[in-house]
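Here's a quick briefing to read with the model open beside you. Grab a viewer and follow along.

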Amino acid sequence: MKKLILLATAFVFCFVALAQSQPQTQTGPKPEDVVKVNTEKYDFGKIKQGNPVNYAFELTNTSDKPLVVENSWASCGCTTPEKITEPIMPGKTAQLKVQYNAAAASPFTKDVYVKFAGIEQPKTLHIVGEVLTPEAYDVWVKENKDKEKEKTTQTSKTKDKSGNN
């Protein structure tokens, strides 16, 4: 009898676990149905610690109705999106300005979410880059200037050898 009760209990737990893991289907429009973004992911590259950087994502309304941004937020307090307050008219483009504070020296990947009225799922955008300490950034800039100078010198030597001036 104990085995039967144990088996029944295990069956109930398995059933409950499987029932909760079923994906919920979303009905209605998705963000991709009403908005086109100039880029889903923006790479700041290497930036200097303590110098905030900005980027403006361009959101174009591809629907035939005005598009209202209910809210915009980020995955971290170090990233601040500026909410678009005016509706985006059909066929028109608005800018979602995003600032990253660059306080901590490390690579970063941050998500920015945009919630549109009448659409359940928010649109997710990404910013990435690497924050370098001021010293490391100065070294990186110098190395890249030296590399650029070297490329320019090699290009000039190639032109001289070929007889082009």
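This is a predicted model: local features need pLDDT of at least 70, side-chain atom pairs count only at pLDDT 80 or more; totals for chains, interfaces and linings use all residues.

Residues are numbered from 1 along each chain as its sequence is written, and side-chain values use heavy atoms, with hydrogens and water left out.

**The sheet**

- Let's begin with an open sheet of 4 strands, ordered β2-β8-β7-β4 with mixed pairing. Strands here are DSSP runs of E with at least two residues, helices are runs of H or I with at least four, and both are numbered from the N terminus. Two strands count as paired if DSSP finds at least two bridges between them.
- β2 and β4 are the edge strands, each pairing on one side only.
- From one strand to the next, the twist averages 20°; axes are lines fitted to C-alpha atoms (for helices over the stretch in contact), and angles run from 0 to 180 degrees between N-to-C directions.
- As background, strands of a sheet pair through backbone hydrogen bonds, either parallel or antiparallel.
- β2 and β8 run parallel and are joined by 6 bridges. K46 has E130 in β8 as its bridge partner.
- β7 (residues 107-116) runs antiparallel to β4 (residues 69-74), with 5 bridges joining them. Here W73 has Y113 in β7 as its bridge partner.
- β7 also pairs with β8 (residues 123-132), again in the antiparallel sense, over 8 bridges. Y113 turns up here too, standing opposite T124 in β8.
- The β7 and β8 hairpin has 6 residues between the strands, and G118 there takes a positive phi near 80°.

**The core**

- The largest nonpolar core has 27 residues. The term means a set of buried Ala, Val, Leu, Ile, Met, Phe, Trp, Tyr and Cys residues joined through side-chain atoms within 4.5 Å.
- Which residues have the most contacts inside this core? They are I47, F57, L59, L96, Y100 and F116.
- β1 (35-37), β2 (41-48), β3 (53-61), β6 (93-100), β7 and β8 each supply at least two residues of the core.
- Leaving aside residues up to four places away in sequence, I47 touches V53, Y100, A102, F108, E130, V131, L132 and Y137. Contact means heavy atoms within 4.5 Å.

**T39, in a loop**

- T39 sits in the loop between β1 and β2.
- T39 and F57 are 18 residues apart in sequence, with their C-alpha atoms 7.0 Å apart in space.
- T39 touches Y55, F57 and L125, not counting residues up to four places away in sequence.
- The T39 side chain also reaches the backbone oxygen of K41 at 2.9 Å.

**Salt bridges**

- A search of the whole structure finds 5 salt bridges. Each is a side-chain nitrogen of Lys or Arg within 4 Å of a carboxyl oxygen of Asp or Glu.
- E40 pairs with K123, the closest N and O atoms being 3.0 Å apart.
- E40 is partly exposed at 36% relative accessibility, whereas K123 is buried at 5%.
- E32, E40 and K123 are linked in a network of salt bridges.
- K46 and E130 meet through their side chains in a salt bridge at 2.7 Å, N to O. K46 is in strand β2 and E130 in strand β8, so the pair ties together parts that are 84 residues apart in sequence.
- Both partners count as partly exposed, K46 at 30% relative accessibility and E130 at 26%.
- K48 forms a salt bridge with D138, with 4.0 Å between the closest N and O atoms. K48 belongs to strand β2 and D138 to helix α3 (residues 134-162), so parts that are 90 residues apart in sequence are tied together.
- K48 is partly exposed, with a relative accessible area of 28%, and D138 is partly exposed at 44% relative accessibility.

Note on methods
Buried means under 20% relative accessible area, exposed over 50%, partly exposed in between (1.4 Å probe, protein chains only). A polar contact is a pair of N or O atoms within 3.5 Å; within protein, one must be able to donate a hydrogen and the other to accept it, and residues adjacent in sequence count only if both atoms are side-chain atoms.
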